[in-house]
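Dear colleague,

Please find below the sequence and structure that I am handing over to you. A summary of what was found follows them.

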Amino acid sequence: MGKATPDLTRVLDDPKRRLVALSFLMLFVELALIRWSSANVVYLAYFTNFVLLASFLGIGVGFLRGRADRNRFPLAPWALTGYVAFVLLFPVQVSNSGEAREFQGLFGMFALPSWVTLPVIFLAVTVIMALIAEGVARTFREFEPLEAYRLDIVGSIAGIAAFTALAFLGVRPVVWGVVVAGVFWLVLERPLGRRQIAALIALVAFLGLGSLSPLDHWSPYYRVSVSRTTPEGRVGIKVNGLPHQAILPLDDLRKSQPFYLYPYDHLQGNPLGDVLVVGAGNGNDVAVALSMGAQHVDAVEIDPVLQATGERRHPARPYQDPRVTAHIDDGRAFLERTDTDYDLILFALPDSLTLVSGQGSLRLESYLFTQEAMESVRDHLKSDGAFSMYNYYRPFVFDRFAGTMQEVFGHPPCLDEGDDTIGVRQQAVLTVGLRSDSIACGATWAPVLETAVAPATDDRPFPYLQERTVPPFYLVTLALILLASALIVRLVSGPLRAMSSYADLFCMGAAFLLLETKNVVQFALLFGTTWFVNSLVFAGILLAVLAAIEVTRRMRLPDPRVLYALLLFSLVIAYLTPLSAILGLAPVPRFLAAVALAFAPIFLANLIFSQRFKDVGSSTTAFGANLLGAMVGGVLEYAALVTGYRALLIVVAVLYGSALLLGRRAGTSSDVGEHVVIADDVSASVGTGSTAS
């Protein structure tokens, strides 16, 4: 007789497998919500960690409810389905690319204002993640704290791996829905009710409806919407609901967009042997370079779908030309790796319209516009080479880029202003030669503003922020998030003093989120802002966490003060080591140095956390406090807009120092705090006539 087919619904009766599956579900849904929400609501275009902060809040709340008498986890499919339906019914896109942008909703109708949409999204994501996290927490508490933490990390690593694989394959959101519904089907208690089955079917159906458009393609960064070709040969491209690019025939480019040709007017005598186009996109700039006689073009584009769209749809077929080599890569990373010197380097409208990840305020192209990046450009020019960049610039951005070019090259760039403006943004081309006599220049740049605008730097890569400040919109939004979070936690968990025994874990959560953010942006600089690098960094962080857990389980660790001292030492080394020194290394030594500087503090921090966490009395309350601290860390991350990213290490050190002091105090009072939490849970259970768990 053959072996019986295993019943998957019984496989997850094993609590270990169930916890791994639930943790997988929690992280997968978090990543999907961040990605899908920003693809359909343009209000989130540059504030994607809005969803991340809601996720942290929700997960923290869910863990605080892990000891409650009534299990709310079965409501999670309905909450998720309801959210998907809301976003599909009330999406927000931009109808034009002008300064006075017109927002539109479904079928071109009105769009809900941001003050309605954003609170609904924040509360909905919080509820969804709280319900899922409650399911995780109820299984979490069946284990010793450290074993539960280990299984949670294993599931999280699997969640990142799965979502990364789907991003690589470019699948549509309906596939994400099938994965989520499948895991829900496995982990929900049997027998499933008709309402739960209906919710899972509706979830997949709604995401299927949102995935039907043949014009939509999903890259690792965007929902790319490509229009049909007009009779004139034009193809419009939107990303996440924002007008982004347009494929134009060469003759049309020359007539309607002559600024594409302005750089070449200055290159008298330049043979155009080798040309580098950063931000090659759909191929317009590559087609122009070939028409101007370029002998070889390195076309660098970070988004594979945008490049593939140009390869399929551009009438000039630039990517099929044997003189062109396409590179799917980050422009700054390509510059740091290549040994080629160029006659012309173009920054061709690199404007990503998205952030590197849910964490950090770093856009995909931010490291292209720093002073160090332009120094790298200078070092890759031939003796008569030139560098040119063009876009629609606000006055302060225009002065910043032109001033940086003057500082790096030693002379002002040529200025060509186009005929078009978008509100206050002026179409302009800036071109500078390696030497002042390398190019012919009709008019040179002079500052537009009376006050000089400082260059962006690799430590503070915010070219679109005029001053060292946090924009008022962010300040108000973050203040409201913190206020709402405090109220939600108070309503869910009762008096906040119940978590006072775990104040040190709260500080650790805030510190670790900042440390994680610092490493994400550091690796983005050293190895590129690509989705793949970003995924590898997060996977590496989780593997470092897992390694710390295994060491704690198998070895007797030294006194916590020794670990804190080692952590502080590693933070000091990371602070004192300039990134420029690492960036100048060959690829293999650069990788080893980056890993040592980034992951040594992470490993030590998690040794401290694991040592503390293994002896807590209420693992779900302790873990919830840690996650709420991470949410506060996500708010503190915006301090980098003022201080730069390196200074975040000082904040990290202060937070871990606070954790040390609070942890020593908790050592004498933790038992009392833990009994308060348990007593509150018992009284709540008795009050509803339930048996205490």
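The lining of the second largest cavity consists of eleven nonpolar residues, one polar residue and no charged residue; here Ala, Val, Leu, Ile, Met, Phe, Trp, Tyr, Cys and Pro count as nonpolar, Asp, Glu, Lys and Arg as charged, and the others, Gly among them, as polar. The lining residues are Val29, Ala32, Leu33, Trp36, Leu80, Val84, Pro173, Trp176, Gly177, Val180, Leu203 and Leu207. At least two of the residues come from each of α2 (15–40), α4 (76–89), α7 (173–187) and α8 (194–210). The volume of this cavity is about 130 Å³, and the count of cavities of 30 Å³ or more comes to six.

Please note that this is a predicted model, in which local features need pLDDT of at least 70 and side-chain atom pairs count only at pLDDT 80 or more, while totals for chains, interfaces and linings use all residues. Residues are numbered from 1 along each chain as its sequence is written, and side-chain values use heavy atoms, with hydrogens and water left out.

Cavities and pockets were found on a 1 Å grid over the protein atoms alone: a cavity is a set of points where a 1.4 Å probe fits but cannot get out, a pocket is an open set with protein on both sides within 12 Å along at least five of seven lines, and lining residues have an atom within 4 Å of a point. Grid points are joined across faces, edges and corners, and a volume is the space filled by probe spheres set on the points.

The second largest pocket holds about 550 Å³ of space. Of its 25 lining residues, Gln93, Leu106, Ser213, Asp216 and Arg223 lie nearest its centre. By class, this lining has twelve nonpolar, ten polar and three charged residues.

Beyond its neighbours within four places in sequence, Phe184 is in contact (heavy atoms within 4.5 Å) with residues including Phe73, Leu80 and Leu200.

As for the whole protein, 57% of its 693 residues are buried, that is, under 20% relative accessible area with a 1.4 Å probe, protein chains only. There are 24 helices and 13 strands, taken as DSSP runs (H or I, at least four residues; E, at least two) numbered from the N terminus.

Yours sincerely

Key. Buried < 20%, exposed > 50% of the residue type's maximum accessible area, 1.4 Å probe, protein only.
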